[in-house]
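I've opened my notebook to jot down what I look up in this structure. Time to click around and write things down as I go.

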Amino acid sequence: MTDLSADNRTQGPKRKVNLPYLGLLPAWVIMGFALILPIFIIAAVSVSTRGAYGGFDWGVDFAGYRQIIFNEGWSGEMEFTPQYLLIILRTILLAGVTTGICLLLAVPVAYWIASQPGNRKSILVFLVTLPFWMSMILRVYAWMIILGRGGPLPRFLEIFGAQEGLSLMYNDGATLAAMVYTYIPLMVLPVFASIEKLDGTLIEAAHDLYGNRWTTLRRVILPLTAPGIVSGAILVFVPALGAVLEPILMGGGKQMMMGSLIQLQFGGGRNWPFGAAIAMTLLIVVMLVLIVIALRSAQKDREV
Amino acid sequence: MKQLYSATAIALCIGSSAFAEGKLNLYVWSESIAPELIEKFSQENDVEVSVDGYTSNEDLLTKLQAGASGYDIAAPSQHFLRIMIDEGLIQNFGANKLAAYDAIDERWRNQWWDETQEYSIPVAYGTAGFAINTNEYDGPTDSLKYFFEPDSELSGKIAMLSYPDEVVGAAQLYLGVPFCSENPDEMKRVLDLLMAQKEHVAAYSSDNIAGRLSSGEVTAHFWWDGEVVKAKAGGAPVDYAMTKEGIVGWIDSLVIPNGAPNRENAIKFIEFMSTPENATTQMNFYAHSSPVKVIESEMKYTAENAPALFPDVPVEMSRTCSPAAQDLVTRVWTQLLQ
């Protein structure tokens, strides 16, 4: 397996000089209209003026961005309002913790899968992707049944003396359980791919040089699998930032997340520019994080 | 007329083989119109009916504001109907000259949402309030007090919707604050009430209400009257609280958006929905009250088996708020869930 992937790498793509980009034109057009144009529209909405009943009027007005930090208080004066920042921070924290738990669970799982013989390995990888074949809403509902009153887990705990009618729903733990469950395949797969490429002789070499297991893990395995871990972390962190379903269905929606806040502004709140401004803020935060990660890995490459 | 149709059809859908006269595009609340009525209308008039659904008035408004939606019928609630008339998004189709107009119950005719009743014919009305699980709770339910300031029995066993609209309305009814108040002091009281209630609330969620309430996960849930009636008819141990401070009401009306490609069919459909026979079928399906005359002997839900649909307490219709008032509502909600 190791040899095969090395082969692929050395071969590289065959370069054809004539019309290198023209052939990609359909893809560029689709990308432009489906991905890039909408972002510009959201950016434009975020600096527009709001319509009285939702919608917006083209214009240049930064009220949406100002509203994230300053708002009219109950006494009618402009004051610093931390509530939106709190919601943004809470969302980032939830996404971060989800990513962390996914990472802790995914690395051993991926390592174990990678160490299995070929046939079993493909079956295990298939099993990891299996939940993706089912609608995400259904998977969250399944968790509601597992944790809800009279569900398997509370029943199990009742045997060990928990109070009858116990429900494990509507708290941060329930939210996290569903979030981790939803996103963990996105972490396992890239980590597995990079562990699989890991050259076993390097680990042997580390042991030969009197590296114990911990040192080997820290100095050899982790640095070599870092690209997989980083891309897994990004794949989990970014969608977790926009999670709406799990916090509401599992967490009880008692504390708003950025996703629901944006939804509220575009819906009942009838303040599209503000909703777009929050969405842009989210986008900028994600882009900053990605740029920092990219710069750091580029730096590492140069050091190597 | 035929020529006009052909001309319109050719102009509108070059390349499409079907003629516009045989079509009707509905954009209504998801699963709100009885499928057998769609089928019947389609066969009686040789019309191909397509039905799209929305789940909030805002979705509908957004689509109509974007223009040329291609829909012939929409069904906004009263406060959004008012906005659509004011913003010129829907047609004056002379509703008050139709037979359907005479079928409207006096109570719902020429109200503030359509004073002249030229733009709309109502199709369903109902309320939003507290539903309870009767297996878990047999205490009093005749006041909003038991839900907004619950004692130990309901504490931690209450769930509210995830959107402010009706929830804030109910809090306003309880406090005697007018809907769409622009007075920050009054709205601060609404926030204080909801904040004090929050520690007793298990969840703010508009999804899976039936499951949450009938399983006993929560004991009281903010819900819609018709949903309670349907769940109860299906055997769930639920009931609807008639709170003396009042309940928040809504009424949905059939309207014709500007630029509707099949206006004549739309009018036919509105007349069709308002005949006593069809209105009865519709009410039996939707389980929300009918604002037009129905055949009482064929009603599935009556005052006896579905008292939720026949409230004996004041029903206060949601209003169209000014942006300033709406901002206060949004502010209450964000501070509540910050």
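This is a predicted model: local features need pLDDT of at least 70, side-chain atom pairs count only at pLDDT 80 or more; totals for chains, interfaces and linings use all residues.

Here are my entries, starting with chain A and ending with a sheet in chain B.

**Entry 1: chain A overall.** I looked up the make-up of chain A and got 13 helices and four strands. Then I checked how far the C-alpha trace of chain A reaches: about 70 × 70 × 35 Å along its principal axes.

**Entry 2: burial and contacts.** Chain A has 304 residues, and 30% of them count as buried. I also looked at contacts in chain A with a separation of 6 or more, and 67% of those link residues 24 or more positions apart.

**Entry 3: where the chains touch.** How many residues of chain A are in contact with chain B? I found 28 on chain A, against 32 residues on chain B. Helix H4 (83-114) and helix H11 (245-249) of chain A each give at least two residues to that side of chain A. The largest share, three residues, comes from H4(A). Sorting that side of chain A by class, I got 11 nonpolar, 14 polar and three charged residues.

**Entry 4: a sheet in chain B.** I traced three strands of chain B in an open, parallel sheet, ordered E2-E1-E3. Which strands sit at the edges? They're strand E2 (48-54) and strand E3 (73-74) of chain B, each pairing on one side only. Strand E1 (residues 23-29) of chain B is joined to E2(B) by seven bridges. I looked up B:Trp29 too, and its bridge partner in E2(B) is B:Tyr54.

**Entry 5: a helix over the sheet.** Helix H11 (residues 263-273) of chain B lies across E1 and E3 of chain B. I noted its angle to E1(B) as about 55°.

Conventions:
Residues are numbered from 1 along each chain as its sequence is written. Chains are lettered from A and ligands numbered from 1 in the order in which they are written. Two residues are in contact if their C-beta atoms, placed from the backbone, lie within 7 Å. Ala, Val, Leu, Ile, Met, Phe, Trp, Tyr, Cys and Pro count as nonpolar, Asp, Glu, Lys and Arg as charged, and the others, Gly among them, as polar. A residue is buried if 20 or more other C-beta atoms lie within 10 Å of its own, exposed if 12 or fewer, and partly exposed in between; C-beta atoms are placed from the backbone. Two strands pair if DSSP finds at least two bridges between them. Axes are lines fitted to C-alpha atoms, for helices over the stretch in contact, and angles run from 0 to 180 degrees between N-to-C directions.
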